[in-house]
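Please keep the structure open beside you as you read.

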Amino acid sequence: VAESVASALGGPDGGLYRDKADLNEGRLAETYREQRAWVESIDKWREIAEVSFVDEEGKNAISVYMTLPGVQDIPPNKVCVWMQPTALEVRVIDLAGENYVWLARELWGQIDPSVSSYKIR
C-alpha cells in the first residue's frame with residue numbers, strides 16, 4: 001500500500017510535488033528499495049575513514065562510531081544504514097558535495113537487525 005501511495009505522489013510525471021524538487025529528493029529514500037536504487041545510481045564514493053568500535057560489555061553489544069563532520073546537518077534520509085546478520089553498510093549521500101561509504105561484508109560477530117539501531121549526531 002505504501003509503495004502505491006508513494007508512486008501516486010511521485011509518479012512518472014512528478015505527481016503532486018513535481019514543482020518542488022526538494023520534496024521529490026526528500027521522498028526518494030523512504031523505502032529500502034528506493035534507498036538501494038538511489039545508492040546504485042551514484043558511482044563516486046569516498047570511504048568513511050574515522051571508524052571506531054566500543055565493546056559495550058554491560059549491554060552485550062558492540063557500538064560502532066563513525067566521524068563525518070556535518071552529518072547531523074543533512075536530511076536523515078541521506079543517511080542509509082543497512083544491517084544484516086553478518087554485514088553492515090553505511091552510505092551518506094551528498095554531505096558537502098561528497099558521498100561516503102563504509103561497508104563490512106563479513107563481520108566477526110553477528111548483528112541482530114531487529115534490536116539494532118543507529119543515531120545521527
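1. Asp 94 lies in strand β5. The phi angle of Asp 94 is near 60°, a positive value in a residue other than glycine. With a relative accessibility of 38%, Asp 94 counts as partly exposed, because that value falls between the 20% and 50% cut-offs. Please bear in mind that this is a predicted model, so the angle is a feature of the prediction.

2. Ala 96, another residue other than glycine, has a phi near 55°. Ala 96 sits in the loop between β5 and β6. Is Ala 96 buried or exposed? At 77% relative accessible area, Ala 96 is exposed.

3. Now for the overall layout. The protein chain has three helices and six strands, and from the N terminus the order of elements is α-α-α-β-β-β-β-β-β. Of the 121 residues in the chain, 31% are buried. As for how the chain comes together, take the contacts between residues at least 6 apart in sequence: 46% of them join residues at least 24 apart.

4. A word on confidence before going further. The mean pLDDT of the protein chain is 78, and 74% of the residues reach 70 or more. Residues 1–11 have pLDDT below 50, and this stretch makes 10 contacts in the model beyond near neighbours in sequence. Residues 16–29 are also below 50, with 21 contacts in the model counted beyond near neighbours in sequence. Where pLDDT is low, the predicted coordinates should not be read in detail. I would therefore treat the contacts of these stretches with that caution.

5. Back in strand β5, have a look at Ala 87. Ala 87 counts as buried, because its relative accessibility is 12% and the cut-off for buried is under 20%. Which residues does Ala 87 touch, leaving aside neighbours within four places in sequence? The contacts are with Trp 82, Ala 104, Arg 105, Leu 107 and Ile 111.

6. Strand β4 holds Cys 80. Cys 80 is buried, with a relative accessible area of 0%. Setting aside neighbours within four places in sequence, Cys 80 is in contact with Gln 35, Val 39, Glu 89, Val 90, Arg 91 and Ile 93. For Ile 93, the C-alpha to C-alpha separation from Cys 80 is 8.2 Å, across 13 residues in sequence.

7. Is Lys 78 buried or exposed? Lys 78 is buried, because its relative accessible area is 8% and under 20% counts as buried. Lys 78 and Asn 99 are 21 residues apart in sequence, with their C-alpha atoms 9.6 Å apart in space.

8. On aromatic side chains, the structure holds one pair. The ring centres of Phe 53 and Trp 102 are 6.1 Å apart and the planes meet at 55°, so the pair is tilted. Phe 53 belongs to strand β2 and Trp 102 to strand β6 (residues 98–104), so the pair ties together parts that are 49 residues apart in sequence. Trp 102 is buried, with a relative accessible area of 12%.

9. Finally, the largest pocket. Its volume is about 1,400 Å³. Of the 35 residues that line the pocket, Ile 62, Ser 63, Val 64, Tyr 65 and Ser 117 are the closest to its centre. The elements giving two or more residues to the lining are β2 (51–56), β3 (61–66), β4 (79–84) and β5 (87–95). Which element gives the largest share of the lining? That is β3, with six residues. By class, the lining has 21 nonpolar, eight polar and six charged residues.

Terms used:
Residues numbered from 1 in each chain as written. Predicted model: local features only at pLDDT ≥ 70, side-chain atom pairs only at ≥ 80, totals over all residues. Heavy atoms only, no water. 1 Å grid on protein atoms, 1.4 Å probe; cavity = no way out; pocket = protein on both sides within 12 Å on 5 of 7 lines; lining within 4 Å. Points joined across faces, edges and corners; volume = space filled by probe spheres on them. Helix = DSSP H or I, 4+ residues; strand = E, 2+ residues; numbered from the N terminus. Nonpolar A, V, L, I, M, F, W, Y, C, P; charged D, E, K, R; others polar. pLDDT = per-residue confidence, 0-100. Contact = heavy atoms within 4.5 Å. Phe/Tyr/Trp six-rings, centres within 6.5 Å; stacked < 30°, edge-to-face > 60°. Buried < 20%, exposed > 50% of the residue type's maximum accessible area, 1.4 Å probe, protein only.
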